[in-house]
Structure formats: structure tokens, C-alpha cells
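Reader: I would like to learn how to read helix packing, chain symmetry and DNA contacts from a model. Could you take me through them one at a time?

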There are 2 protein chains.
Amino acid sequence: MASTGTKAADILETAENLARNRGYHGFSYRDIAAKVGIKSASVHYHFPTKADLGVAVARRYTDRFLAALGDPRDPKTAPRLLLARYAAAFRKSLVEDRQMCLCGLFGAEVAVLPAPVAAEVRGFFERSVEWLQVVLARDGSGGAVDEAESRRRALTILAALQGAMIVARTLGRVEVFDDIVEGTISSPSTPLTAGMKAD
Amino acid sequence: MASTGTKAADILETAENLARNRGYHGFSYRDIAAKVGIKSASVHYHFPTKADLGVAVARRYTDRFLAALGDPRDPKTAPRLLLARYAAAFRKSLVEDRQMCLCGLFGAEVAVLPAPVAAEVRGFFERSVEWLQVVLARDGSGGAVDEAESRRRALTILAALQGAMIVARTLGRVEVFDDIVEGTISSPSTPLTAGMKAD
DNA sequence: GTCTATAATTTGATAGAC
DNA sequence: GTCTATCAAATTATAGAC
């Protein structure tokens, strides 16, 4: 099924897909093995414990997510386009992949995560907020752009999008996600939904 | 441990506390039995299947949550006070109980919930949005108050608060929750944080 | 209503052959 | 690196005595 790249990469890819639908305790080494086409003992060879696997999956997810967003300081890309790209990333996973954000789901389960996995999820949120904060500091349309205010707005956008995925998935309505994006990001002037479906 | 009321009530109370920290698949009949002081077979007597238990827990949670909020149409209570009360309910569960919103966590796990349980979570979101919508329609400070706009703002508040609990819990910082509330609800005029710590 | 006992399955993980 | 075989523990759930 997932047969691109090395075995370790296939395992990570499969584990991520399972985790984003079922949560950390919702997938097993046997689930992964069956999808990759090996035995569960072979999965343990690559990732000795489930915490090891969880850490690897979360780190890979975070790196890939941020890389896809691009440099928040790139002068060639308008801040509001970057914001639209951020929302579009979540929307794509919701609509095309029909999956949660890995760290949104893991974050909800943080009390039952092994400590090293929880630390990775924390890293995703911290790096996400930092990325958004840089973008928001460049965007003057929202008013004040001091440190505290841009951080607060970054946290608000992150939280709203994570919540939007949960509510939209549960209600089975994509429009709910779009409504929340509209209500959160594009308060000042231009609606962001236009550029959102791109990419 | 949970020894108020009937056995069935103790089971529901215990199950809710476990579910709000560990998620639907993160607690077992034995966990509940041990805390209540009976055997797991006795839990099955009251709630034959785990789906039965999940439905009962979610419905009880939803009813209690909405009852605590009060009538959104009550002319004696200002809309903005009702909004503050809504945010305060989540804040209390975050700070005092150190627990997630049951339906926020279940919503994140919706793909692995038995269908009847998922339906109850949907009910929580629908009733929450309806409650917020009524309040927002009464509150003119946000500008337009037409049906579509108030619904969109209701969804946005719900999503932001659910996301806020996840992010604040994962980062281990209550201030993060407060920042998001500030950035979501009290955009127009008066800050809501004042009345938030009450109740 | 609560218990003992147990079934049937699944889980994460390891030992050791190849 | 991958396999077979296996372990110890945990899971939901049921049968039947009291």
C-alpha cells in the first residue's frame, strides 16, 4: 500500500495515516505491519518501542508541515497569502485526506502520551505559533503588531483551526471549517477563502 | 472514591473523569470498577456494552453542561456575561479539574467512536452552537446579527475554545487559554477576562 | 446486583533461527 | 532485516452461582 522509499519511511507514512484517524492508542504494530506487508516483529526492528515510533512520526509530521508552509519572512510572499496557505494546509488534510492534524489529535490525548511524544507535540505547537507570529507581525491590517499581540493572534488562529477540524469532522460538514476560518483569519478586509482552495 | 448517589451515577461520574483525560479507548471497565469499588462484571450489569456507557456519559455531560450555562434568552442576564460564562466553564475544567471537554476529546477521536457515541458528540456541538447563536443574536456589539453571521461566530467561538484547551494543556500554560479567549470573544469592546474567573 | 470464572481477542515486546 | 513463535498483560464481554 505505502510502497515509496525505504521500509522505515513506509512504516512512518502508514503509522501517520493510522494515527491521524485513530489517535496514539488506536493503532498497533500489527496494523502497520499488515499495511506495509511485513510482520510486526520487523516493525520493532526499525522502531524498538511505540514511543520511538510516535516521536519519529510526530517529528516527521512537524518538519514536513512547516516546510510546506515556506519561509514566513519571504518578502516575495504577502502575509495574507501565507495565512491563507496555513489554513489551506489544514483544509486539505480535512477534505482530501479526511484526516485530523496529527498534533491536534495527539494534543487532545496528551495525558496518555509517553513523555517524549508529548514533547514533540509541544514542539509542533511552539513552532506553529512562531511561524504565525512572524507572519502576523508583517501584516499590518489587523492593527497593532507588537510582540504580545501577534503572539496572542497566532495562538488564536492555531486553536481555532485545530478546533475547526474537530467540529467539522464530527458534524461531517466542510462548510463549518470554512466558516470558522472566515470568522477567525479574515476579520479585517479581504476574504481569505478565495486563495484557500488553491495549492 | 466517587461515592455520591447511586452505583450507576458513580460509574458515570468515574467514566467521565477517565474519558476526559484518556479518551474513549483510554479507559476500561476494570479501571472504572476499581475506582467505584466493584467488579467489572457489575459495571456490565449497569451498562451492557461500552457503547452504551459512552452514550450515557456523553448525554449526561451535554445536559449538565448546558444546564450550567442557563437560559440564553434570559433577559436578566447580559449576552456578554453569558459568553463569559461559556468560556469560564471550559476554563474551570482546564484549571480546576485538569480535564478536557469530553466532547472535544471524543470529537478528535470521532473516527474510532461507535456510531451512537459519535452521534451524542454531534449533539453536544449542535446544541452548543445553538446556545451561542441565541446569545450572539442578542448581542449587538459585534455588528451584524443576521442568522448566518451569528451562526458563523458561534462556530468560531466553539472551535477556538476547544482548540484552546488542547493547546493550553499540551503547552502546560493556562495563560494560553486566556489569550485565546481574549483574541476570540472580546474583540469588540470590553475584555471578558474580568468576569471569567467568577463562578 | 454483585460475584467468580472464563472466553476470545488484541496489545507491545522479545528470543532466536535464517 | 525479516521471519516464526511466543509471552505476559489487558481488553470487552458472558455464564452462572449466590
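Reader: How do helix H5 and helix H9 of chain B pack, and at what angle?

Author: Helices here are DSSP runs of H or I with at least four residues, numbered from the N terminus, while strands are runs of E with at least two. Axes are lines fitted to C-alpha atoms, for helices over the stretch in contact, and angles run from 0 to 180 degrees between N-to-C directions. In this predicted model, local features need pLDDT of at least 70 and side-chain atom pairs count only at pLDDT 80 or more, whereas totals for chains, interfaces and linings use all residues; side-chain values use heavy atoms, with hydrogens and water left out. Residues are numbered from 1 along each chain as its sequence is written, and chains are lettered from A, with ligands numbered from 1, in the order in which they are written. Helix H5 (residues 79–95) and helix H9 (residues 174–184) of chain B pack at about 170°, their axes being 11 Å apart. H5(B) is therefore roughly antiparallel to H9(B), given that angles under 35 degrees count as roughly parallel, over 145 as roughly antiparallel, 65 to 115 as roughly perpendicular and the rest as oblique.

Reader: Which residues of H5(B) and H9(B) meet?

Author: Contact means heavy atoms within 4.5 Å. On the H5(B) side the residues are B:Ala87, B:Phe90, B:Arg91, B:Leu94 and B:Val95, and they meet B:Val174, B:Phe177, B:Asp178 and B:Val181 of H9(B). By class this contact has 7 nonpolar, no polar and 2 charged residues, where Ala, Val, Leu, Ile, Met, Phe, Trp, Tyr, Cys and Pro count as nonpolar, Asp, Glu, Lys and Arg as charged, and the others, Gly among them, as polar.

Reader: At what angle do helix H8 of chain A and helix H8 of chain B cross?

Author: The axes of these two helices, residues 147–171 in each chain, come within 6 Å and cross at roughly 105°, and H8(A) and H8(B) are therefore roughly perpendicular to each other. Their contact includes A:Leu155 and A:Ile166 of H8(A) as well as B:Leu155 and B:Gln162 of H8(B), and its residues divide into 14 nonpolar, 3 polar and no charged.

Reader: What rotation superposes chain B on chain A?

Author: Copies are superposed by least squares on the C-alpha atoms of residues with pLDDT of at least 70 in both. Here a rotation of 180° with 0.0 Å of shift along its axis superposes chain B on chain A, with an RMSD of 0.0 Å, and the two copies are thus related as by a two-fold rotation axis.

Reader: What polar contacts are made with DNA strand D, and with DNA strand C?

Author: A polar contact is a pair of N or O atoms within 3.5 Å; within protein, one must be able to donate a hydrogen and the other to accept it, and residues adjacent in sequence count only if both atoms are side-chain atoms. For DNA strand D, one example is a polar side-chain atom of A:His46 that lies 2.8 Å from a phosphate oxygen. For DNA strand C, a polar side-chain atom of A:Arg30 lies 3.3 Å from a base nitrogen, and a polar backbone atom of A:Lys50 is 2.8 Å from a phosphate oxygen.
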